[in-house]
Amino acid sequence: MTTTFPDISINTDRLVLRALEEVDAPALAEMMNDEMVAAWTAVPQPYTEDAARRWITEHAPTERTAGRGLDLAVTEFLTQRLVGVIQLTHTNWHVRSTEISYIVAPWARGEGYATEAALATAQWLFGDQGFERIELRTAADNTASQQVAQKIGCISEGVLRGACIARTRTEDGTWADLRTDFIVWGLLPEDLEGVADQMAEAGYSSFTDWS
């Protein structure tokens, strides 16, 4: 049984999802220092280019070869500009399940990139890798992430009370931890039925290919 993700490239009409490369480090660091990323993720703040390079050259390859997950750069097809990151974590190869998360650069928000990238990844996982379940967790107040989950067909399965540590700005400009709930979403292969068609009708890509 395969227990490691391949070195994959996933293509849509507008995006290319590929392995992170060292050239991505400056854009990755800039993205991770965004206020919204700092608020809703555990990314260290401030986030340096050296930290980005360690993620790209050490963490991401180790996670993939160990079978624990996969980190993909999300880039614009036409400009090759880094617009975000897709992460797969907590992968269980016996259950054929994994947890997905996504981050989008502030300049690229509102274009449907997170939805397009997450849907393409789900189609690849179900169609090519034989996965049976994808899980997604969103902080209770992170409505933007919740909207992406709903658009790709995820079903809200419950709430993990007090399980999430978000961050908020204090009066002196520093970050403080803020405990909140996690909403747990599940996606099964049958949940994708009709989702691509709905996205196409809304003007977003429904084409996905991988190599």
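Two strands count as paired if DSSP finds at least two bridges between them. Helices (H or I, at least four residues) and strands (E, at least two) are DSSP runs, numbered from the N terminus.

## Basis of the model

This is a predicted model, in which local features need pLDDT of at least 70 and side-chain atom pairs count only at pLDDT 80 or more, while totals for chains, interfaces and linings use all residues. Residues are numbered from 1 along each chain as its sequence is written, and side-chain values use heavy atoms, with hydrogens and water left out.

Strand β3 (residues 70-76) and strand β4 (residues 82-92) run antiparallel and are joined by 6 bridges. Asp71 has Gln87 in β4 as its bridge partner. The hairpin of β3 and β4 has 5 residues between the strands, and Gln80 in this hairpin takes a positive phi near 65°.

β4 also pairs with strand β5 (residues 97-104), again in an antiparallel arrangement, through 7 bridges. Asn92 stands opposite Ser97 in β5. This second hairpin has 4 residues between its strands, and Arg96 in the turn has a positive phi of about 60°.

## Nonpolar cores

A nonpolar core is a set of buried Ala, Val, Leu, Ile, Met, Phe, Trp, Tyr and Cys residues joined through side-chain atoms within 4.5 Å. Buried means under 20% relative accessible area, exposed means over 50%, and partly exposed lies in between (1.4 Å probe, protein chains only). In soluble globular proteins, nonpolar side chains tend to be buried together.

The largest nonpolar core here has 38 residues, of which Phe5, Leu17, Ile86, Tyr102, Trp124 and Leu187 touch the most other members. Two or more residues come from each of β2 (15-19), β3, β4, β5, α4 (113-127), β6, α5 (143-151) and β8 (175-187). α4 gives the most to this core, with 10 residues. A second, separate core has 19 residues, including Met32, Val37, Ile56 and Ala60.

Contact means heavy atoms within 4.5 Å. Leaving aside neighbours within four places in sequence, Phe5 is in contact with several residues, among them Leu70, Leu88, Trp93, Trp124 and Phe131.

## Helix α5

The buried residues in α5 include Ser145, Gln146, Val148 and Ala149. Seen down the axis of α5, the buried residues fall within an arc of 155°, so they line one face of the helix. The arc is that of the directions from the helix axis to the C-beta atoms. These buried residues pack against β5, α4, β6 and β8. Gly153, which follows α5, has a positive phi near 100°.

## Salt bridges

A salt bridge is a side-chain nitrogen of Lys or Arg within 4 Å of a carboxyl oxygen of Asp or Glu. By this rule the model has 11 salt bridges. One of them joins Glu21 to Arg18, with the closest N and O atoms 4.0 Å apart. Glu21 is partly exposed, at 39% relative accessibility, whereas Arg18 is buried, at 17%. Another salt bridge links the side chains of Arg68 and Glu63, at 2.9 Å from N to O. Arg68 is partly exposed, with a relative accessible area of 41%, and Glu63 is buried, at 15%.

Glu157 and Arg133 also meet through their side chains in a salt bridge, at 2.8 Å from N to O. This pair links distant parts of the chain, 24 residues apart: Glu157 lies in strand β7 (residues 155-169) and Arg133 in strand β6 (residues 133-139). Glu157 is partly exposed, at 45% relative accessibility. Salt bridges that share partners join Arg133, Glu135, Arg137 and Glu157 into one network.

## Cysteines

A disulfide is a pair of cysteine sulfur atoms within 2.5 Å. The count of disulfides by this rule is 0. Cys154 is in no disulfide, and the nearest cysteine sulfur, that of Cys164, is 17 Å away. Cys154 is buried, with a relative accessible area of 8%, and Cys164 is buried, with 4%.

## The loop at Glu22

Glu22 is found in the loop between β2 and α1 (25-32). Not counting residues up to four places away in sequence, Glu22 touches Arg53, Ile56 and Thr57. The C-alpha atoms of Glu22 and Thr57 are separated by 7.2 Å, and these residues are 35 residues apart along the chain.
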